[in-house]
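Subject: Structure for you to look at

Hello,

Here is the structure for you to look at, with my notes below it. Please read them with the model open.

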Amino acid sequence: MHAAFLVYLLVLGAILAVGVKTRFLGWAPALVAIFLLVWADFILTAHLLSLFSAIHFTGVYVAASLALAAAMSAGLRFVPLESELTFPQFPNPFSPQISRYIAWFLASTAAFALFINLVMAFGMLPANPDSIVYRFPRAYWYFGHGSLAHFSNVADPRALYYPFNSTLLY
């Protein structure tokens with residue numbers, strides 16, 4: 001199952017990369033744009049399928065998200081970029097060598113923190129009361145109901161009115 005998700009994520013990213021990548025956009029802004037578009041695709045697909053109570057159908061979700069990604073990619077190709085994107089330059093208070101060390105330190109600690117988070121996520125059950133009480137159950141309620149509609153009128157308001165982003169990630 002994990003390999004299928006990775007393949008799906010790579011295909012989704014590749015479809016969106018076709019729309020994002022132009023000769024005027026560097027690789028770093030393109031990666032950020034692809035990440036944001038993948039996240040937007042997940043959310044839009046969930047909202048779209050929620051209208052038909054079909055979130056819990058995996059094949060439909062995958063097909064709809066890939067179709068939505070293809071539409072977003074095609075739409076992005078129509079955005080006219082006629083020159084390179086420029087950003088204002090700010091003076092750097094550090095020397096180039098210190099700046100490189102700082103960048104490597106931040107990148108390596110971020111990669112290490114991500115690795116530790118993934119190890120913990122795959123190896124431990126959640127013990128946070130917030131997650132156990134209303135974050136994880138929301139994902140199951142929506143999945144079981146097939147839509148993002150309110151599942152109760154008497155439930156804890158946090159479970160009903162919190163934003164969908166973290167629940168959709170679960």
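Residues are numbered from 1 along each chain as its sequence is written, and side-chain values use heavy atoms, with hydrogens and water left out.

Confidence

pLDDT is the predictor's confidence in each residue, from 0 to 100. The chain has a mean pLDDT of 82, and 77% of its residues reach 70 or more. Helices (H or I, at least four residues) and strands (E, at least two) are DSSP runs, numbered from the N terminus. Where pLDDT is low, the predicted coordinates should not be read in detail.

H1 with H3

Axes here are lines fitted to C-alpha atoms, for helices over the stretch in contact, and angles run from 0 to 180 degrees between N-to-C directions. The axes of helix H1 (residues 2–20) and helix H3 (residues 58–76) cross at roughly 15° and come within 7 Å. H1 is therefore roughly parallel to H3 (angles under 35 degrees count as roughly parallel, over 145 as roughly antiparallel, 65 to 115 as roughly perpendicular and the rest as oblique).

Contact means heavy atoms within 4.5 Å. On the H1 side the contact is made by Tyr8, Val11, Leu12, Ile15, Leu16, Val18, Gly19 and Val20, and on the H3 side by residues including Tyr61, Leu66, Met72 and Ser73. By class, the contact of H1 with H3 has 14 nonpolar, three polar and no charged residues. Ala, Val, Leu, Ile, Met, Phe, Trp, Tyr, Cys and Pro count as nonpolar, Asp, Glu, Lys and Arg as charged, and the others, Gly among them, as polar.

Serine 73 lies in H3 and is buried, with a relative accessible area of 6% (buried means under 20%, exposed over 50%, partly exposed in between, with a 1.4 Å probe and protein chains only). Leaving aside its neighbours within four places in sequence, serine 73 is in contact with Ile15, Leu16, Val18 and Gly19.

H1 with H2

The axes of H1 and helix H2 (residues 27–50) come within 9 Å and cross at roughly 120°, so the two helices are oblique to each other. This crossing is right-handed. Among the residues that meet are Leu9, Gly13 and Ala17 in H1 and Ala30, Ile34 and Asp41 in H2. The contact of H1 with H2 divides into twelve nonpolar, one polar and one charged residues.

Other residues

Serine 50, in H2, is buried at 14% relative accessibility. Apart from neighbours within four places in sequence, serine 50 is in contact with Ile55, Gly146, Ser147, Leu148 and Ala149.

Serine 53 lies in the loop between H2 and H3 and is partly exposed, at 34%. Its phi is near 50°, a positive value in a residue other than glycine. Most residues other than glycine have a negative phi.

Tyrosine 142, in helix H5 (residues 129–145), is buried at 3%. Tyrosine 142 and histidine 56 are 86 residues apart in sequence and 8.2 Å apart in space, C-alpha to C-alpha.

Regards

Key. This is a predicted model: local features need pLDDT of at least 70, side-chain atom pairs count only at pLDDT 80 or more; totals for chains, interfaces and linings use all residues. A crossing is left-handed if the near helix is turned anticlockwise from the far one by less than a right angle, and right-handed if clockwise.
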